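Welcome! Please look over the sequence and the 3D view below, and keep them at hand while you read.

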Amino acid sequence: MRPAPTILHLDMDAFFAAAEQAAKPSLRGKPVVVGGIGGRGVVSTASYEARVFGVRSAMPTAQARRLCPNAAYLSPRFTLYRQVSEVVMELLHALSPLVEPLSLDEAFVDLEAGGVPAETAAVRAVGEQLRRDIRSATGLTGSVGLAGAKLLAKIASEAAKPDGLVVIEPGTERELLGPMTARTLPGVGPATAEALRRAGIHTVAETAEAGEAELVRLLGKAHGAGLYAMALGQDDRPVVAERDAKSISVEDTFEVDLTDRARVRSEVLRLADRCVQRLRAAGRSGRTVVIKVRNYDFSTLTRSETLRGPTDDPAVIREAAVRLLEMVDTTGGVRLLGVGVSGLADFTQEDLFAQLATEREAAESASAAAAQQAAGGPERQEPEEERPRRWDPGLDVVHDEYGAGWVQGSGVGRVTVRFETPWSAPGRVRTFAVEDPALRPGEPLPLVGGAPAGGQSSEPAILPKFLSPEPGGTGSEVGEEISKR
């Protein structure tokens, strides 16, 4: 425990939803929910306006729609969130070499390692300046907690929400923690909380009063001893600059349970390819392939296979995933599938069988091409059927005439687009055919700084009301094609 509150915890406020509100002027001050928009989707982030209605993260989207039917339900745009996160993390690294990211919107910072004086006034000034810098650079707000330990700094940032700063002075930890529920402490999930409740332990103070011996008896030696220290406000975990990932995985939840075995297999192959993409993007390889299957009745099982050495070969990981799938009965219906790789390493060991298979496949393809040419030229291939474009709510688009905008909704062959940018007034809404050749997917625009030179313009859509052409007057071809939803 440090004698001064030199550990900082930053948590961006309703990050995904706030980024969407900053990007879409028409949604500012209104309830926004980001996450899966289908019937089986899950809320990732809800704006504070939506939380008033009881919408929370990890809640089924269907339940959120019942609680707040008038909210804007948007698909996540991780490209934008990563861009904003990189800006925020650069600001944190300017404060100290010891920055421990926990997610895109959350991190610990060791201010002492950055040379900040171990004085409350000094660290408070740094925290306030950080909040101003984040707002200036991103247009978003973050909450800051300062304390002498990571546990307390995180609790302080939670107490500071939204858009605030809280300092916990060393020596006041037990007084602060005592009335809080035991679930406040790290490692106390539903199962641990239930075990404590059965023993009559509900608050952090009651957890400390129970004593280490009783907690060890209830929860086991490691968990019980660690929880007792946390209840006393003792947390000597250092800020670690590099957090090594233990696994990389992807998963999908399906709108309708999958019962066709061939479809399940094809989805596993697709997930395996996505997993390899993430693996390679991280510059890693792995030796254990894992599949996850959630059945129609919500029962979930995993199967794993350890390879001879770490690999990032898509053929090897696909084959292992399919072998694991053969061990699972999916006839009742599959709700969720996932593929992951663990046992990560920074190098790969070539899989000889995969290499031989690749060489054999190449040789067979060459032989087939030669035979085809000898028989009178290459066989004419039918063009692949082009998939219809999908316009998910919230995603960026560009129109040849109206410029940049975002999808408000789509259905029955039509897509509704609101044309506005982060630096414009709320824009107009227009409706197009889903296959309109003038409409195409776009890229996220910066949240601050104005329109980029040569970038996506939306000038026709963002004229202020007093400059907009009057209906029936000159320029009325711009119109007000407001969709009837």
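## Before we start

This is a predicted model, in which local features need pLDDT of at least 70 and side-chain atom pairs count only at pLDDT 80 or more, while totals for chains, interfaces and linings use all residues. Residues are numbered from 1 along each chain as its sequence is written, and side-chain values use heavy atoms, with hydrogens and water left out.

## Rings that meet

A pair of aromatic rings is described by the distance of the centres and the angle of the planes. Here, rings of Phe, Tyr and Trp (its six-membered ring) pair if their centres lie within 6.5 Å; planes under 30 degrees apart count as stacked, over 60 as edge-to-face and the rest as tilted. Searching the whole structure turns up eight aromatic pairs. Helices (H or I, at least four residues) and strands (E, at least two) are DSSP runs, numbered from the N terminus.

How far apart are the ring centres of Phe16 and Tyr81? They are 4.2 Å apart with the planes at 10 degrees, so this pair is stacked. Phe16 belongs to helix H1 and Tyr81 to helix H4, so the pair ties together parts that are 65 residues apart in sequence. Now for accessibility: buried means under 20% relative accessible area, exposed over 50%, and partly exposed in between (1.4 Å probe, protein chains only). Tyr81 is buried at 0% and Phe16 is buried at 11%, whereas Phe78 is partly exposed at 36%. Together, Phe15, Phe16, Phe78 and Tyr81 form one aromatic cluster.

## Charges over rings

A charge sits over a ring if NZ of Lys or CZ of Arg is within 6 Å of the ring centre and within 35 degrees of the ring normal. The ring of Tyr48 has the charged end of Arg51 over it, 4.5 Å from the ring centre. Likewise, the charged end of Arg430 sits over the ring of Tyr402, at 4.2 Å from its centre.

## Salt bridges

Side chains of opposite charge can pair when their charged atoms come close. The rule used here is that a side-chain nitrogen of Lys or Arg lies within 4 Å of a carboxyl oxygen of Asp or Glu. By this rule there are 25 salt bridges. One of them joins Lys161 and Asp13, whose closest N and O atoms are 3.1 Å apart. Lys161 is in the loop between helix H6 (150-160) and strand S8 (165-167), and Asp13 is in the loop between strand S1 (7-12) and H1, so the pair ties together parts that are 148 residues apart in sequence. Asp13 is buried at 4% relative accessible area, while Lys161 is partly exposed at 22%.

Other bridges sit within a helix. In helix H12 (residues 261-281), Arg270 and Glu267 are three residues apart, about one turn of the helix. Their salt bridge spans 2.4 Å, N to O. Glu267 counts as buried at 8% relative accessibility, and Arg270 as partly exposed at 33%. Through shared partners, salt bridges join Asp252, Arg263, Glu267, Arg270 and Arg274 into one network. Another bridge pairs Arg217 with Glu214, with 2.8 Å between the closest N and O atoms.

## A buried serine

Is Ser47 buried or exposed? Its relative accessibility is 0%, so Ser47 counts as buried. Ser47 lies in the loop between strand S3 (43-46) and H2. Leaving aside neighbours within four places in sequence, Ser47 is in contact (heavy atoms within 4.5 Å) with Ala14, Ala17, Gln21, Lys30, Pro31 and Val32.

## A nonpolar patch

Val52, Phe53 and Leu67 make a nonpolar patch of about 300 Å². Patches are made of residues with over 30% relative accessible area and no salt bridge: like charges are joined within 9 Å, and nonpolar side chains (Val, Leu, Ile, Met, Phe, Trp, Tyr) within 5 Å. Accessible areas come from the Shrake-Rupley method with a 1.4 Å probe; for residues, only the protein chains shown count as cover. Phe53 is in the loop between helix H2 (48-51) and helix H3 (61-67), and its relative accessible area of 47% makes Phe53 partly exposed.
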